Structure formats: C-alpha cells, structure tokens
Amino acid sequence: MKKDYYSDLGIANNASQDDIKKAFRKLAHQHHPDKQGGDEKRFKEINEAYQVLSDPQKRQQYDQYGHANHQAGAGFSWEDMARQGGNGGGVQFDFGDLGDVFGDMFGFGGSKKGARRDTRGSDLQIDIDIELKEAITGLKKELRIPKSVKCDACAGSGAEPGSKVITCPTCAGSGQVATTQRTILGVFQSAAPCSACKATGKKIEKKCKACSGDGRVRKEGKISVSVPAGIDDGQTLRLSGEGEAGSQGAPAGDLYVRIHVRSDKRFARKGDDLYSDLEVSYSQAALGDKIKFLTHDGMMEVKVPAAIQTGQLIRLSNLGLPHLQKKGRGDLYIRIVVATPKSLNRKQKELFEQLKREGL
Ligand SMILES: [Zn+2]
Ligand SMILES: [Zn+2]
C-alpha cells in the first residue's frame, strides 16, 4: 500500500496546522499502545506522520517530493526525518517520544526529552551553492565544518587511557530507570533515561584529560559530499552520522546539507527541463536554417524550420537535467527570438525596401 501521511492522520492535503494537531491528538488518544485496545503500529504511523506534517519545512518538502520518491533514496527517508524531530528511535514509548503535544496536554515531557537526547550528538545543517552545470552532472564536494568529533585520546569513551569504565550502579548498566506516571488516561509504566550516567549505562572512574570526560572535542571536520545529478534548488541531503559526535561514544547526529542552485545566464530551469533563447534573423526565420548552439552536452545543430515565429519552442530531447534517482533526463527547449537588424548598409536597405514592396 502506498504510504501517505495525510491519510494516516485522516486529513486533507490542505489541512491547517491546527487541524493537524487536532487530528493527531484525537488519534494518539485512541491508539496509544499503553491503553486498552491501543495499537502500537498504528500509533507509530500517526506519530511519524505528525512529526513531518507539523513541521512547516518538512511538510513543504513532503508535499513537493511525496513519499515514494524518497523512500529508495540514498541515505534519506521520511521515517528518519520524522524521528529527527521526535525521539531517539527507542522501542518503548514514553512521553518524550511524543514530542511537544503530549507535553502540552499533560504538563510534562519537556525535560525528560532533553535528557534522553543528551547523549546522541546534535544534527547540523549547512547550505552550499552550486552552479547549474554542477546540478546537471552531479558533483563531489569537500566540506570543512567546525564540529564536535570523537576525542582521539580516549577513543570517545571519556575515560582517561588506562583507567576503568564500570557499570553504572544507578541503572545497573541498562541506561534506563523505570518510572510510573499518573495521567488522565490511567497509570503509565515507562522507562526514563538514567540521569546518573546520561543513559550510557557506564560510569567513568577517571575522566579523560583531553576532553574532560565528554568523549569529544571541537575540531574542523572534513566531509566529502556527493551531490546527485538532477538535484534542485532547496533540496536537502542527509549525511547520516556526520553531525556532532555524541558524548562518551554515543552515536553522532546527522548532517543536513541544503543545496542552492545558482541561476544561470543562458539557461532557465523548470523541473528537469531547461529553456534557452536563440536569436535568429528575419531571413533565417522566414526560410529556415541550421544553427549551431552550445548546450551542456557540447555544440549541437538546431534545425530551425521555415516560417518560425518569435516565442516558438524547438525541443531537443534528453538535453535537460537528469531525473533525480530515476533514469532519463528532461528536455532542452530552444525559444526562438526573431531579431530586427539594428543597422543596415545600403545594399541591405535596398533589399528590405524590395521586400517591403512585396508586402513582407
Ligand atoms: Zn577524551
Ligand atoms: Zn545509569
């Protein structure tokens, strides 16, 4: 079955943020897995749909590219996008997993969510500019960004080399402690991250001097980004694990690279098609001609048919942008502009006068 976040929440594609929130609250109540008759799978779906649609930027991307398009994409999935906004992907639901809405509803959630996310490194976002021709061919780019990286001295453990790392006595190494919460929906048993060990399950005997026990240091990170051919302005690539390092060896965050494609002097872009103007003289327009034209694939000969008018398009198929993550390319449209001569010598003037007498 084709996935669709709007139908997951039972709302229309033009639903307001208010409608989205209302639909989510209603369905989350209905399907909460800790409730009788709850349905964890359905609840996850609802939560995922909400994480994407409640964020205007993610929603816009979702509307633009749809679900299927990015499902198979290298390193990109809406499921990850949704998770990024909500939780660390844990199996057990707690109120932190629900984002802000349950926090709003029951008056807690905020601080716990913060504690849970402490250990995983933060996501980073950067913007890069590329030329249209780079969007056509795709490119590899070396980026240098200041970020937290794993401490070399302790290999990210946070423990001074030679010292021991022991099991956290508070949570017996599980990283989680059980809590009970009373809410209007009943009593919820849930797991909260252990604050004594920041959910790592480990306790450091002697802190690493180089990183003060954090397991990471600030550094300039070098990252190689592959920008796929066909990328459009405003699209974002996710580089898994290339964000800030996590503390004490916890997983790193992700790096989001937003692409800006600079506008080009000769070629305008519409989707995967390109448009470019070609000036022809009166006689070329009237009689037809073959005209050399420089494309991104090299010099091409454009056959201009007789009696062509300004604004008419000549299509050169497969000379547009490659379709992103699909086979094939868009087309190149040559827009004809019939140019009036700016000056005439005597002979040309006589010829034009003859044409005028002929009614042309
Ligand atoms: Zn260290
Ligand atoms: Zn602990």
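**Figure 1. Buried residues of helix 2.** In this predicted model, helix 2 buries Ile-20, Ala-23, Phe-24 and Leu-27, a residue being buried if 20 or more other C-beta atoms, placed from the backbone, lie within 10 Å of its own. Seen down the axis of helix 2, these residues fall within an arc of 100°, so they line one face of the helix; the arc is that of the directions from the helix axis to the C-beta atoms. An α-helix has 3.6 residues a turn, so residues three or four places apart point the same way. Helix 2 comprises residues 17-31, and its end C-alpha atoms are 21 Å apart, in agreement with the 21 Å that its 15 residues should span at 1.5 Å a residue. The expected span is 1.5 Å times one less than the number of residues. Helices (H or I, at least four residues) and strands (E, at least two) are DSSP runs, numbered from the N terminus.

Residues are numbered from 1 along each chain as its sequence is written, and chains are lettered from A and ligands numbered from 1 in the order in which they are written.

**Figure 2. Helix 11 and the residue Gly-359.** Helix 11 (residues 346-357) has 12 residues, of which the number buried is 0, so helix 11 lies largely in the open. Just after helix 11, Gly-359 takes a positive phi of about 85°.

Figure 3. The 3 strands lie in the order 1-9-8, with mixed pairing; two strands pair if DSSP finds at least two bridges between them. Strand 1 (124-130) and strand 8 (236-239) stand at the edges with a single partner strand each, so one side of each is left without a neighbour in the sheet. The twist averages 25° from one strand to the next, with axes fitted as lines to C-alpha atoms and angles running from 0 to 180 degrees between N-to-C directions. Strand 8 pairs with strand 9 (residues 255-261) in the antiparallel sense over 4 bridges. Thr-236 has Arg-258 in strand 9 as its bridge partner.

**Figure 4. The hairpin of strands 4 and 5.** Strand 4 (residues 176-183) and strand 5 (residues 186-193) are antiparallel partners over 8 bridges. The hairpin joins strand 4 to strand 5 through 2 residues. Arg-182 stands opposite Val-187 in strand 5.

Terms used. This is a predicted model: local features need pLDDT of at least 70, side-chain atom pairs count only at pLDDT 80 or more; totals for chains, interfaces and linings use all residues.
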